[in-house]
Amino acid sequence: MSSPEQWTRPVGQPGAGPRSTDVTAATAGTPTRDQVIAGLRATTEGGADLVQLLTPEGERVHHPDFDIEVTPEELRGLYRDMVLIRRADREGNALQRQGQLGIWVPLLGQEAAQIGAGRAMKPHDMAFPSYREHGVAWCRGIDPTEILGIFRGTDHGSWDPLAARFHLYTIVIGNQCLNATGYAMGQRFQGKVGDDDGEATICFFGDGATSQGDVHEAMVWASVYDAPVVFYCQNNQWAISEPIERQTRVPLYQRASGYGFPGIRVDGNDVLACLAVSRWALDECRHGNGPVLIEAFTYRMDAHTTSDDPTRYRLSDELEAWKLKDPIERVRVHLVKQQWADQEFFDSVQADADELAARLRDFCVNMPTPGPERIFSEVYAQESPQVRAQRDEFLDYMAGFADAHAGGEH
């Protein structure tokens, strides 16, 4: 297990990330030359404290503090998870471009960060996502079809959060961190932590969200109350059009020391490292030693959303550098090198992915449009007289348009 010294290493000592002292450059409208170079360097380094178990070349390496043994079957399962959720993501992107969805939030490039963390959870753990965690949803048994309504504008999510142990997507940046901390505080107050059977909560957010007050407030409360919550930051290098060097002067994982709990940086494109570190962090929390901050150092290979054009703010060289660290390819190479999978296996996974995409498309194209009464039906567990009155007034108003049309008025 990692020593406490790892979590409190101050900036400027060996292993600490570079600290920018150019405040003007950090707030400039156009990236400076040094900022561009720093961004490109980040694509090949990640820092001395980066936890990695599987290199981009598919070589298995070991870590003194975080290491796991996986069977061939388990690794094939992780590979299948990543391939299928990437295929579902690409189909969601295509459906939006064809007018079937109002917007889509891609996860391309972040499959390992999400599948590793999602598979580290135990059934009774709770997850709080943002709006990009399609891979974590997959791990919690949420079928991709259940996500489509959010982006088609027909619902806010069709699953039961308590039954799935996976909260509904949160659109407001960083707000889920407060929700997760409150839930985790409840776990502690109810005595659901303290041993191997304890509960833990994990909260997912991006690097840009760390500039939101909600995230800071959540970490303060979590620290004060020893809440069993893992703050899982997927640092994909860009908060829409703002690079990470404009968000912080120190590596994000080092911020944890300011709140008094451990911070770890893991290779977010290494599914084994994400699995190992997430397992450790969740176990720490379930035993009452939380909170923990994980910075999954990854990269957003696509746009922030389908309404974004990343070519306007980032360099193609940066994208090409990260393509060499593809999270799926390194697992495929390792499986081949170890002779743990043959072509028949890879073909079967691809067939499953194509079948999932076809099912997703069919569901989306044929998804019924709910009536206007739907917006009033799930406001409260029990119907409120005020909401009922508002519904009746609105439906009467809408019916007036139908009567006017039937009477020949336009």
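**A buried salt bridge**

Reply: Aspartate 267 is buried, its relative accessible area being 6%. This is a predicted model, and the values below are computed from it. The partner of aspartate 267 is arginine 330, and the closest N and O atoms of this salt bridge are 3.1 Å apart. Arginine 330 belongs to helix H13 (residues 327-337) and aspartate 267 to strand S6 (residues 263-267), so the pair ties together parts that are 63 residues apart in sequence. Arginine 330 also counts as buried, at 1% relative accessibility. Since buried means under 20% relative accessible area, the values of 1% for arginine 330 and 6% for aspartate 267 both fall below the cut-off.

Two other pairs can be set beside this one. Aspartate 67 and arginine 60 meet through their side chains in a salt bridge of 3.3 Å, N to O. Here aspartate 67 is partly exposed at 32% relative accessibility, and arginine 60 is partly exposed at 21%. Arginine 391 and aspartate 392 form a salt bridge of 3.2 Å, N to O. Arginine 391 is partly exposed, with 23% relative accessibility, as is aspartate 392, with 35%.

Salt bridges also join into a network that links Arg87, Glu91, Asp354 and Arg361. Over the whole structure, the search finds 24 salt bridges.

As for the setting, the chain has 16 helices and seven strands, and 50% of its 410 residues count as buried. Of the contacts between residues at least 6 apart in sequence, 75% join residues at least 24 apart.

Note on methods: Residues are numbered from 1 along each chain as its sequence is written. This is a predicted model: local features need pLDDT of at least 70, side-chain atom pairs count only at pLDDT 80 or more; totals for chains, interfaces and linings use all residues. Side-chain values use heavy atoms; hydrogens and water are left out. Helices (H or I, at least four residues) and strands (E, at least two) are DSSP runs, numbered from the N terminus. Buried means under 20% relative accessible area, exposed over 50%, partly exposed in between (1.4 Å probe, protein chains only). Contact means heavy atoms within 4.5 Å. A salt bridge is a side-chain nitrogen of Lys or Arg within 4 Å of a carboxyl oxygen of Asp or Glu.
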